[in-house]
Amino acid sequence: MNDTVLILSIASAIVAATPILFAALGEIITNRSGVMNLGIEGMMLMGGVIGFWAGNGTGSLTMALIAGGFGGVFLALIHAVLAVTLRVDQTVSGLSLVIVGSGLSSFIGTSGEPSLLSARNAVEVTPLLPSALRDLPAVGPILFGHDIVVYIGVLAVIAATYVLNRTPQGLALRAVGEDPAAADAAGISVVKMRYIATAVGGFGAGVGGAYLTVAIVGTWQNGLTAGIGWIAVALVILAGWRPWLALLGALAFGGLNGLGFTLQLAQVNVPSDFLKMMPFIAAYLVVILVSASPNRARRLAAPAALAQPYSREDR
Amino acid sequence: MTSRLRVTPRGFSGPGVRFGVPFSALVVALLLGAIILAVAGNDPIEAYRTMFDASLNGWSSMTRTLALATPLILTGLAAAVAFQMRVYNIGGEGQLYLGAIAASYVGLALPETTPMVFMLGAMLVAGATAGALWALLAAIPKAFVNADEIITTLMLNFVALSLMNWLIFGSRSFWRDPRRPVPSGKRLPENAIMPELSGRMHIGIIIAVVAAVLLWWLLQKTSWGFQIRTIGDSPRAARYAGMSVRGKTMAVLALSGALAAIAGVSEVSGVTKGLEPVALTSNIGFTGIIIAVVARSNPLGVVPVSIFLAAITTSGSRLQSIGINVQVVLLLQGLIFLTVTAGEFFVMNKVSLTGSAIAGPADDSSSPATDVAEATA
């Protein structure tokens, strides 16, 4: 097999991993506060369409990502109102975000003359590092050839790990997700924490959707994410709600995209549809294994108060 | 003096609240939709009138709506029966695909001379069985190790989707038509196609409505149904009363999977007439969950709610002809989903201004919200 092909498929796996990573990191923060948001797919679509629109207007990648992030925040706040304030069923509310997100993004994308569907991508994505590094054999394209967002993704993993584990805010967030009543008694505002965490999750998904649209796909299409949001849901479970493992998982899932092609070159014939199943089968098995073994559950399991609404009166 | 909102849990909500709140939520969703349409520069009144004319006004519009409502009723029932026991079957989508795969296999494999009644019967049985087995992949781990069925059923959807795509797009399978260059399913023989009643409406609608009535009877009039509802209200009490929660969990999810799969049988036999992945992946399973929520898990409520949502979908193409973005259809469905979900809060709680409100009962711990928390703990 040709080495160049292998190097290029690894490099493209890293790029493909980036939107999944942003969405999964956001969801980890949201989940750690005790809020389950199944609406990632919808938030990514909103981020995608708003990001593409902003990118077209400004030509700036930064603006596209920030606007896309707030597109995700908009939907996430709807979820927060429903799940935190109104304490409705978080599964149902999350699913409704998916439907609203795909409806609203398609509506925005096809409104206006001419619509975003026919618009050309105005955002230019350039590699961050100088060509001296990029042209190094093998490691150049794999590690140094990417745009700034890929590196921000890695920084975000470090930042999320640090904030969750080493700061008072992170401790408060986890306390709210593990035992909201105790956190409340300790003077932490459960409602405020959960709103912030849900909004951060929406921002992550929105940025992921915007990056996917302007930097990877390069056009807007209705339903552009095509299941990537659900892969992020699966990934969060697989990663046991830990940012570092989410990074590894995102790389693996990014790699699955190009793997079919690579395997074909290596004369191994695995249908791409079976590769697409992998993340979902893996998440399915992990949920069962974690539930079945009490010891591992202690290390891997979800935040204790995940998806449970908190009401002071019910303590 | 400032007045504040006061929230008091309702111990019991009467039918006025239980049906009035979702209905008001529908109205709010339509109002929000009207605002969005107006902002986008359309006349909302014209849009809604066009939608009504295209979907509910007159027999031919009505038959189109009922044809679309058929699978929605079935996936709505699938979600509803699981909700009755506070089990979440988010896997209707995947179970529907399995039903379609199994039914089309039977339809293509049995001799073309098989009488239609046997043919359709065999397809229904095969489809329902496949859907039930697929649901058991989530039900057994739920029953034995309490693996979260929301996640397992959800993940299995995508496995089923890839499987169906592989059968048509990724391989030269038994289901794929070898003569056509564009990947598509083999067309079912005439005796495997559900007869049309009027327009596009086929006998699937009768199957769906009969299923709704049977399910209502099963839940409301049999001791099995009573046990299901008791487990839903309080699994602990049910266990003390000697009910087998484990067995019921598997039975309910299997029944739920079978119902969603019958939607797949009805689509493949009555609409697509062959295994056509693109036509089958139109969120029928997910929409069923909205329907069950709006109908408050009442099987008889599922029928009108499905017809209403189908009416919104049917009218999409007509909207396009008067220059309104067809995507508004999906947007409206989402808004309905959101407002009805939010409405659940007002079913469970009474909201009033302080001063006028009577203080909540001292035994707040018996509120429905507490029961939910305990049930999921």
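## Notes on a predicted two-chain model

1. Let me start with A:Thr225. Setting aside neighbours within four places in sequence, A:Thr225 touches A:Glu41, A:Met44, A:Leu45 and A:Leu212, where contact means heavy atoms within 4.5 Å. A:Thr225 sits in the loop between H10 and helix H11 (228-238) of chain A. Helices (H or I, at least four residues) and strands (E, at least two) are DSSP runs, numbered from the N terminus. With a relative accessibility of 2%, A:Thr225 counts as buried; the scale is buried under 20% relative accessible area, exposed over 50% and partly exposed in between, with a 1.4 Å probe and protein chains only.

2. A word on conventions. This is a predicted model, in which local features need pLDDT of at least 70 and side-chain atom pairs count only at pLDDT 80 or more, while totals for chains, interfaces and linings use all residues. Residues are numbered from 1 along each chain as its sequence is written, chains are lettered from A and ligands numbered from 1 in the order in which they are written, and side-chain values use heavy atoms, with hydrogens and water left out.

3. Next, B:Ala138, which belongs to helix H5 (residues 116-145) of chain B. B:Ala138 is buried, at 0% relative accessibility. Apart from neighbours within four places in sequence, its contacts are A:Tyr284, B:Thr152, B:Thr153 and B:Leu156.

4. How do H8 and H10 of chain B pack? Helix H8 (residues 223-233) of chain B and helix H10 (residues 245-272) of chain B meet at an angle of about 105°, and their axes are 11 Å apart. Here axes are lines fitted to C-alpha atoms, for helices over the stretch in contact, and angles run from 0 to 180 degrees between N-to-C directions. The angle makes H8(B) roughly perpendicular to H10(B); the classes are roughly parallel under 35 degrees, roughly antiparallel over 145, roughly perpendicular from 65 to 115, and oblique for the rest. From H8(B) the contact uses B:Trp224, B:Gln227, B:Ile228 and B:Ile231, and from H10(B) it uses B:Val245, B:Lys248, B:Ala251, B:Val252 and B:Leu255. By class these are seven nonpolar, one polar and one charged residues, with Ala, Val, Leu, Ile, Met, Phe, Trp, Tyr, Cys and Pro counted as nonpolar, Asp, Glu, Lys and Arg as charged, and the others, Gly among them, as polar.

5. Helix H7 (residues 204-221) of chain B and helix H13 (residues 299-314) of chain B pack at about 150°, with axes 7 Å apart. That angle puts H7(B) roughly antiparallel to H13(B). B:Ala212, B:Val213, B:Leu215, B:Trp216 and B:Leu219 of H7(B) meet B:Pro299, B:Leu300 and B:Val303 of H13(B). The residues of this contact divide into eight nonpolar, no polar and no charged. B:Gln220 also lies in helix H7 of chain B and is partly exposed, at 37% relative accessible area.

6. Now the rings. Over all chains there are 10 aromatic pairs, counted when ring centres of Phe, Tyr and Trp (its six-membered ring) lie within 6.5 Å, with planes under 30 degrees apart called stacked, over 60 edge-to-face and the rest tilted. The rings of A:Phe70 and A:Phe203 are edge-to-face, because their centres are 5.4 Å apart and their planes are at 75°. This pair links A:Phe70 in helix H3 (residues 61-85) of chain A to A:Phe203 in helix H10 (residues 190-217) of chain A, 133 residues apart. A:Phe70 is exposed at 52% relative accessibility, whereas A:Phe203 is partly exposed at 31%.

7. B:Tyr105 and B:Trp175 form a tilted pair, 5.5 Å centre to centre with 45° between the planes. B:Tyr105 is partly exposed at 40%, while B:Trp175 is buried at 14%. Separately, A:Trp230, A:Phe280, B:Phe158 and B:Phe286 form one aromatic cluster.

8. Finally, a backbone check. Most residues other than glycine have a negative phi. A:Ala307 has a positive phi, near 70°, and is partly exposed at 33%. B:Ser297 also has a positive phi, of about 60°, and is buried at 12%.
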